[in-house]
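Please look over the model below before reading on. My notes follow as numbered points.

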Amino acid sequence: MRFKSITSGIFGLLVGLLSIPGLASEFLVSTDWLEKNLNDKNLRIVEVSVDPGQFERGHIANAVNFNWHTDLVDTVQRDIISRDKFEALLRQAGVNKDSTIVLYGDNNNWFAAWGAWIFDIYGVPNVKLLDGGRKKWEAENRPLSVKQASHKPGNITVGEANLKLRAFLPDVVAVAKQEKPDTQLIDIRSPDEYAGKIFAPAGVAELSVRAGHIPGAVNVPWGQAVAADGTFKSADELRKVYGAVGVDGSKPIITYCRIGERSSHTWFALKKILGYEVRNYDGSWTEYGNSVGVPVTNLAGTVWGGK
């Protein structure tokens with residue numbers, strides 16, 4: 001009877017997910033759906049925010065906190081978290097092989113989308129993104145909690161890293177030098193970053209020596225993928241956005257930004273909503289813009305230190 005009860009619960013949760021109206025993808029959940037399912041035993045909620053203390057000041061009930069700076073990256077070398085450490089992190093958070101996982105965060109879900117990308121790299125199933133993220137949840141005055149969630153250790157096993165979802169410096173250099181004409185680059189930064197007028201968004205300490213963009217990249221700022229409330233546009237709308245710059249899914253795509261988080265958001269739109277073949281270049285401009293011997297396109301005419 002217990003097995004039947006658990007199976008029924010999982011089935012009900014999945015049916016509910018598949019029947020949510022108005023969402024652009026099965027990989028998204030609405031704020032309304034999440035509030036109604038907060039206490040589902042098969043649901044695990046994970047916040048991935050970048051603002052220090054955000055989670056501690058209040059979070060969605062039963063959520064656990066994954067720190068982007070330390071939990072989802074290798075803290076010794078610049079890399080993503082290792083398979084073994086990621087599996088241990090998920091088990092500690094109570095994630096089981098049959099869990100449904102909902103990710104959300106601040107900053108328009110940039111870092112939560114990074115989390116979704118990491119989950120996908122390691123082949124974790126049933127992962128969803130809260131459409132609109134923390135911003136929409138708070139704008140709708142939905143409840144927050146300061147209570148620390150406690151879950152029994154989970155039993156999930158994660159797979160080896162799928163490198164088909166990740167691009168590296170040699171991959172983008174090959175595209176820049178037109179050695180890989182079948183691959184398209186999308187720079188999702190602001191027009192001023194793309195042109196080389198500025199090195200980074202306002203208020204962000206600069207981490208690159210050169211300004212500009214990777215030759216051959218088209219510029220589609222991440223914000224063009226979302227509506228005013230931060231939710232993703234429909235699949236039809238997204239096809240028009242990217243189709244306007246010649247990206248229609250007929251060729252492999254690489255997304256990049258400054259450190260890989262904003263480009264994860266666009267990766268999600270292209271991969272999870274449109275089903276295109278997409279890799280995220282997490283080295284992004286902080287790696288490329290500091291590399292010796294790589295070509296740079298600078299429309300603003302800046303060369304060094306914005307001069």
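1. How do helix 5 and helix 10 lie to each other? They are oblique, a class left over once angles under 35 degrees (roughly parallel), over 145 (roughly antiparallel) and 65 to 115 (roughly perpendicular) are taken out. Helices here are DSSP runs (H or I, at least four residues), numbered from the N terminus.

2. This is a predicted model: local features need pLDDT of at least 70, side-chain atom pairs need 80 or more, and totals for chains, interfaces and linings use all residues. Numbering starts from 1 along each chain as its sequence is written, and side-chain values use heavy atoms, without hydrogens or water.

3. The axes of helix 5 (residues 110–121) and helix 10 come within 7 Å and cross at roughly 60°. Axes are lines fitted to C-alpha atoms over the stretch in contact, with angles from 0 to 180 degrees between N-to-C directions. Contact means heavy atoms within 4.5 Å. On the helix 5 side, the contact includes Trp 110, Trp 114 and Trp 117. Helix 10 brings residues including Glu 261, Arg 262, Trp 267 and Lys 271. By class, this contact has eight nonpolar, two polar and five charged residues. Nonpolar covers Ala, Val, Leu, Ile, Met, Phe, Trp, Tyr, Cys and Pro; charged covers Asp, Glu, Lys and Arg; the others, Gly among them, are polar.

4. Helix 9 (residues 235–243) and helix 10 (residues 261–273) have axes that come within 11 Å and cross at roughly 120°. This pair is therefore oblique. Ala 235, Leu 238 and Tyr 242 of helix 9 touch Thr 266, Ala 269, Leu 270 and Ile 273 of helix 10. That contact divides into six nonpolar, one polar and no charged residues.

Technical notes:
Helices (H or I, at least four residues) and strands (E, at least two) are DSSP runs, numbered from the N terminus.
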